[in-house]
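Student: Before we look, could you take me through how helix packing, chain contacts and sheets are read from a model?
Tutor: Let us go through them in turn.

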Amino acid sequence: MGRRLSSRLVVNHLATALCGAMVLVALIPLLSLLWLVVSKGVGGLSLGFFIHRPVPVGEAGGGVGPAIVGTFTMVGMACVVALPIGVGTGVYLAEHGARPFARGVRFLAEVLSGVPSIVLGVVAYAMLVVPMKRFSALAGAVALSLVMIPPLARSTEEFVRLVPPSLREASLALGVPAWRTSLKVVLRTALGGIATAALLAVARGAGETAPLLFTALNNQYWSLRPDQPMASLTVQIYNYAISPYESWHEQAWSAALVLLLLVGLLNLGARLALRDRVGGRR
Amino acid sequence: MNDAGARNARTKLNVEHLQAWYGNHLALKDVSLAIPERSVYAIIGPSGCGKSTFIRCLNRMHELLPGARTEGRLVIDGEDLMKVNPVQLRRRVGMVFQRPNPFPTMSIADNVLAGMKLNGVGVDDAEVRIEKALVQAALWDEVKDRLGASPMSLSGGQQQRLCIARALAVEPEVLLMDEPASALDPIATSRIEDLIHDLKQDYTIVIVTHNMQQAGRTSDFTAFFYLGELVEAGATAQIFESPREQRTEDYVTGKFG
């Protein structure tokens, strides 16, 4: 008995140590990435970097002002398309998930979640850029919405499913019709979770480069026109990073840090909102 | 029936030849029962005997389950409820569930008024209604200073009384209770039982319970269900002291169940 117990303890400690070591291994690239971006990017940050437009090589100064505005604009436009479709699909999947059609939709959403985002960029290119014969912010926004919809639908479904069936019953038993119950009890209870899912989708959209490369392209100037090319942080980082100029490389690091901060803050906000939500349920 | 209450009572809810299915499974077999007005009717029986199915037929919640259906007549004050819109019926026949299920996104006050608010019906005398329902549910003194608080800050027993207040606020005629105290501790249970005793002055109450002491303490009449059949029904004292059926006697004396 004693021997068996001690061998179990040894195995237990070994397994725990192994898991801990794997966590450390997983953390190394993550932390080194963070360190690299912060250490290389923080030097180039200044107020001007946030509010100025890019300048040609050799000139001092220059910033990512249009890119920040462009990222917000295109993600905002993508939200207008993606939020109603994604949330609506998620609610449908949660309420009628057993139907064959719903199962097909869920399968498609899962497949689309796994499609490389550059493929979605090609789709937007074929759908909008080719017929319009120009790169445009609109095409970029459509590509981003294609990236955002599938995960949004799936996470909305999960949050709606988390609403206890007993609440639906309580409402029905009070003589509230089914459609009002879905809207005012089920959706309202899941609202915090859906808002979190939306924030995470926004963060995802803001961090995408590939769907924008040949849809929105890039723009060195201030532009808010949806039918014209538009700058974005991710594409600007890409362009600067592959350029041969040292000063652009430095600006790419700083822009990467700005993007990291934006996406990080969005994620943090979403998780804080979710934590409050779960805390309130207890 | 030799109970004094039984002689005087008029029938509020008459169940005639009720059958209920889950898919192909017949869960309730030809049940007929007359439920007298302003009384407490206890439904007892072992797990799976159909007692919860029975009570969920009375406000037609049973037929909401996929594949479930019912047959028979449910007559309340001479009107067949199987022929009216179930949404209308549920405003006349309220229900309290096994586990407290207040709406977590609404305040305590809004939970009481949920039956009106969720239906988009304006409430002119909101404060009066809230106080009346909470007083009826014996919860007013404990929550009157925090009506705007979340119901999740209440204890389980308080939440269950809030659910009772919520059911009472729509002014139903019949109140169904599906093991309303089974998730509660003994003190909260005894408060609910006292409450049931008070509520029968105004309401007709049908309560499902697996606790025979509770049936004995709270009810005027008792019906014993077994394997989807109504075995025996009558005054509670008669069912417990001199049952006509052997199966009833075996169950109430604890030989099985």
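**Helix packing, chain contact and sheets**

Tutor: The axes of helix 3 (residues 65–95) of chain A and helix 6 (residues 137–162) of chain A come within 6 Å and cross at roughly 30°. Helices (H or I, at least four residues) and strands (E, at least two) are DSSP runs numbered from the N terminus, while axes are lines fitted to C-alpha atoms, for helices over the stretch in contact, with angles from 0 to 180 degrees between N-to-C directions. Helix 3 of chain A is therefore roughly parallel to helix 6 of chain A, a term for angles under 35 degrees. The model is predicted: local features need pLDDT of at least 70 and side-chain atom pairs count only at pLDDT 80 or more, whereas totals for chains, interfaces and linings use all residues. Residues are numbered from 1 along each chain as its sequence is written, and chains are lettered from A and ligands numbered from 1 in the order in which they are written.

Student: How many residues of chain A are in contact with chain B?
Tutor: Contact requires C-beta atoms, placed from the backbone, within 7 Å; by that criterion 18 residues of chain A are in contact with 22 residues of chain B. On the chain A side, helix 7 (165–173), helix 8 (178–206) and helix 11 (246–281) each supply at least two residues, and helix 7 of chain A gives the most, with 7 residues.

Student: In what order do the 4 strands of the open sheet in chain B lie?
Tutor: Strands of a sheet pair through backbone hydrogen bonds, either parallel or antiparallel. Here the order is 2-1-4-5 in chain B, with antiparallel pairing, two strands being paired if DSSP finds at least two bridges between them. Strand 1 (residues 11–22) and strand 2 of chain B are joined by 8 bridges, and Asn14(B) has Ala34(B) as its bridge partner in strand 2.

Student: Which strands stand at the edges of the 6-strand sheet?
Tutor: That open sheet of chain B is mixed, in the order 6-7-8-3-9-10. Strand 6 (93–96) and strand 10 (229–235) of chain B each have a single partner strand, so one side of each is left without a neighbour in the sheet.

Terms used: Angles under 35 degrees count as roughly parallel, over 145 as roughly antiparallel, 65 to 115 as roughly perpendicular and the rest as oblique. Two residues are in contact if their C-beta atoms, placed from the backbone, lie within 7 Å.
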